[in-house]
Amino acid sequence: ALGSGFAVTAAWPSALDSLIVDDCGDPLTAGTASVSFTNGDPPLTLKALGQGRWSGTWQPKNGVANIVLTLNAETVVAPLIKGTAQIGGSAANNTTTPVIFSGGVVSGASLARDTPQAPGGYVAILGRALTAAPANPQTLPLPPELSGTQVILGGKRLALESVAEGRITAVLPYDLTPNSTLQLVIRRANTLSMPESVVVAAAQPAVFTMDGSGRGAAVVTAKRGDAEFEVSAEEPATAGDELTILCSGLGPVTPEVAAGAAGPEDPLATVINPVTAMLAGTEVPVAFAGLAPGKAGVYWVKLVVPEGLPAGDGELVLSSSGASSPAVTVAVK
């Protein structure tokens, strides 16, 4: 019913209504029907309304000049038959309604997609038209609103570090329930985004990297005697160095800390779920894992470089509660 040559606006809902019959004119009453989109939006499953009518609501996330919608229908009982139909049209970008990209809630450290998020995690929310004006106040505790933009997850407002047209960085609450799926929405002034599902796990480690890509050299400082330095190819770590790894996603801590507040210095807030570390193929005991004092949503993992590691870029992986971080590197000599 949307019709060939349709014109819709991104972030606004559009009804997709279809009448599906077989070659004999008999309506499809038991089966499956879904619509796929060439603009990158995820497929939409239609619901049966009876008498061959199948319906759904499409809220375009990506505006493009030419979109093809393909309806795929299939029976589930004999005779097993399939059918397709297509229509084309366009979707104009919306400059005032926020749009969260599909799978656009990611770790702010690793940027890894299709992974759960952890309580207290530092997250990046990717999308379009997320705020009217960029803001990055760099004050603690982090506020729940910047430039008229709020982010709500499971009914709780997130602490915001920065907002921009295409990206928001925020810190998740520490009291989120693991093994749950929550809906995240962005409120920009009086407009709301479509919800984006966020899976919550007990922990999902991720290590900050030098270039912010989540890959390559990790952000690591070393202490050697009284000297402290940032580990790099020019100044690699050696056996006996005390390393401090900056990471996120290690879950709840004790004593409790409010999301967006600075990690305390005395006493330090330590993680509840144990953390293990693999460096250059060797499991290294973790001396401390907890919040970095004076920072929000950032954790420290401390360890001592053991003897016998091979020289070069050693692969580093942190694990907790059955989840592991994407591999990064630490220069070792």
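The peptide bond that joins A78 to P79 is cis, with omega at about 0°. The structure is a predicted model, in which local features need pLDDT of at least 70 and side-chain atom pairs count only at pLDDT 80 or more, while totals for chains, interfaces and linings use all residues. Residues are numbered from 1 along each chain as its sequence is written, and side-chain values use heavy atoms, with hydrogens and water left out.

**Sheets**

β7 and β8 both belong to an open sheet of five strands, in the order β1-β8-β7-β3-β4, with mixed pairing. Two strands count as paired if DSSP finds at least two bridges between them. At the edges of this sheet stand β1 (6-9) and β4 (44-45), each of which pairs on one side only. Inside the sheet, β3 (residues 31-37) is joined to β7 by seven bridges in the antiparallel sense. Across this pairing, G31 is opposite T75 of β7.

A second open sheet has four strands in the order β9-β10-β14-β13, with antiparallel pairing. Its edge strands, β9 (99-107) and β13 (159-163), have a single partner strand each, so one side of each is left without a neighbour in the sheet. From one strand to the next the twist averages 25° (axes are lines fitted to C-alpha atoms, for helices over the stretch in contact, and angles run from 0 to 180 degrees between N-to-C directions). β13 runs antiparallel to β14 (residues 167-171), and four bridges join the two. In this pair A159 faces V171 of β14.

**Strand β15 and its partners**

β15 (residues 180-188) is joined to β11 by five bridges, and the two run antiparallel. L153 has L184 in β15 as its bridge partner. β15 also pairs with β17 (residues 196-200) in the antiparallel sense, over five bridges, and there T181 stands opposite V199. With β16 (residues 191-192), β15 pairs antiparallel over two bridges, where R188 has T191 as its bridge partner. β15 and β16 form a hairpin with two residues between them, and A189 in the turn has a positive phi of about 55°.

**The loop between β10 and β11**

P141 is placed in the loop between β10 (122-128) and β11. A cis peptide bond, with omega at about 0°, joins L140 to P141. A129 is buried at a relative accessible area of 3% (buried means under 20%, exposed over 50% and partly exposed in between, with a 1.4 Å probe and protein chains only).

**Side-chain contacts**

Q150 lies in β11 (residues 149-153) and counts as buried, at 15% relative accessibility. W58 is in β6 (residues 53-58) and is buried too, at 3% relative accessibility. The C-alpha atoms of W58 and L46, 12 residues apart along the chain, are separated by 10.0 Å.

| Side chains | Polar contact |
|---|---|
| Q150 and E145 | 3.1 Å |
| Q150 and R157 | 3.3 Å |
| W58 and D41 | 3.0 Å |

**Pockets**

A pocket is an open set of points on a 1 Å grid over the protein atoms alone, where a 1.4 Å probe fits, with protein on both sides within 12 Å along at least five of seven lines; lining residues have an atom within 4 Å of a point. The largest pocket has a volume of about 480 Å³, where volume is the space filled by probe spheres set on the points, and grid points are joined across faces, edges and corners. Its lining has 23 residues, with I20, V21, D22, L28 and I81 nearest the centre. The elements that give two or more residues to this lining are β2 (14-19), β7 (67-75) and β8 (82-92). By class, the lining has 13 nonpolar, five polar and five charged residues (Ala, Val, Leu, Ile, Met, Phe, Trp, Tyr, Cys and Pro count as nonpolar, Asp, Glu, Lys and Arg as charged, and the others, Gly among them, as polar).

The second largest pocket has a volume of about 310 Å³. Of its 15 lining residues, Y122, E161, K295, A296 and V298 are the closest to its centre.

Methods. A polar contact is a pair of N or O atoms within 3.5 Å; within protein, one must be able to donate a hydrogen and the other to accept it, and residues adjacent in sequence count only if both atoms are side-chain atoms.
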